[in-house]
Amino acid sequence: MFSGVVGNAARLEYSVFGDAVNTASRLEQHSKTVPQIIIASAATLTVAGIEPARQRWVALPPVTLRGRSKVIEIYGREG
């Protein structure tokens with residue numbers, strides 16, 4: 001991931017780029033198609049030290065996000 005100020009002297013803006021950013025954006029778009037209030041990839045929950053079954057996360061059908069060839073396991077939480 002790259003984050004920082006990009007542009008030129010006339011127009012500078014802060015932005016982030018990279019695979020993690022693209023995945024988060026595509027998961028956000030996918031979240032509009034499921035009834036859960038929040039979704040997260042299994043990888044994100046693992047890194048955060050969250051055990052889905054113990055903390056009220058439910059497994060959702062795995063998805064293949066645009067621009068990806070591999071299926072991503074996702075979990076949702078109702079609130």
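Residues are numbered from 1 along each chain as its sequence is written, and side-chain values use heavy atoms, with hydrogens and water left out. Because the model is predicted, local features need pLDDT of at least 70 and side-chain atom pairs count only at pLDDT 80 or more, while totals for chains, interfaces and linings use all residues.

Helices (H or I, at least four residues) and strands (E, at least two) are DSSP runs, numbered from the N terminus. Two strands are taken to pair if DSSP finds at least two bridges between them. Strands E1 and E2 run antiparallel and are joined by seven bridges.

An open sheet is formed by three strands in the order E3-E5-E4, with antiparallel pairing. Strand E3 (38-41) and E4 stand at the edges and each has a single partner strand, so one side of each is left without a neighbour in the sheet. From one strand to the next, the twist averages 30 degrees; axes are lines fitted to C-alpha atoms, for helices over the stretch in contact, and angles run from 0 to 180 degrees between N-to-C directions. The antiparallel pairing of E3 and E5 extends over four bridges. Ile39 stands opposite Gly76 in E5.

A nonpolar patch on the surface is formed by Met1, Val5, Leu12, Tyr14 and Val16, which together have about 590 Å² of accessible area. Patches are made of residues with over 30% relative accessible area and no salt bridge; like charges are joined within 9 Å, and nonpolar side chains (Val, Leu, Ile, Met, Phe, Trp, Tyr) within 5 Å. Accessible areas come from the Shrake-Rupley method with a 1.4 Å probe, and for residues only the protein chains shown count as cover. Strand E2 (residues 11-17) gives the most to the nonpolar patch, with three residues. Met1 is located in the segment before strand E1 (2-8). With a relative accessible area of 74%, Met1 is exposed; the classes are buried (under 20% relative accessible area), exposed (over 50%) and partly exposed (in between), with a 1.4 Å probe and protein chains only.

Side chains of opposite charge can pair when their charged atoms come close. Four salt bridges are present in the structure, a salt bridge being a side-chain nitrogen of Lys or Arg within 4 Å of a carboxyl oxygen of Asp or Glu. Arg11 is exposed at a relative accessible area of 59%, whereas Glu13 is partly exposed at 38%. Glu13 lies in strand E2. Apart from neighbours within four places in sequence, Glu13 is in contact (heavy atoms within 4.5 Å) with Gly4, Val5 and Val6.

Arg68 and Asp19 also form a salt bridge, in which the closest N and O atoms are 2.9 Å apart. This pair links distant parts of the chain, 49 residues apart: Arg68 is in the loop between strand E4 (58-63) and strand E5 (72-77), and Asp19 is in helix H1 (residues 19-30). Arg68 counts as partly exposed, at 30% relative accessibility. Thr23 is likewise found in helix H1, and at 15% relative accessibility Thr23 counts as buried. Neighbours within four places in sequence aside, the contacts of Thr23 are Leu65, Arg68 and Ile72.

A further salt bridge is formed by Lys32 and Glu28, with 3.9 Å between the closest N and O atoms. Lys32 counts as exposed at 57% relative accessibility, and Glu28 is partly exposed at 39%. Glu28 lies in helix H1. The C-alpha atoms of Glu28 and Ser41 are separated by 11 Å, the two residues being 13 apart along the chain.

Arg56 is found in the loop between helix H2 (42-47) and E4. The phi angle of Arg56 is near 65 degrees, a positive value in a residue other than glycine. Arg56 counts as exposed, at 55% relative accessibility.
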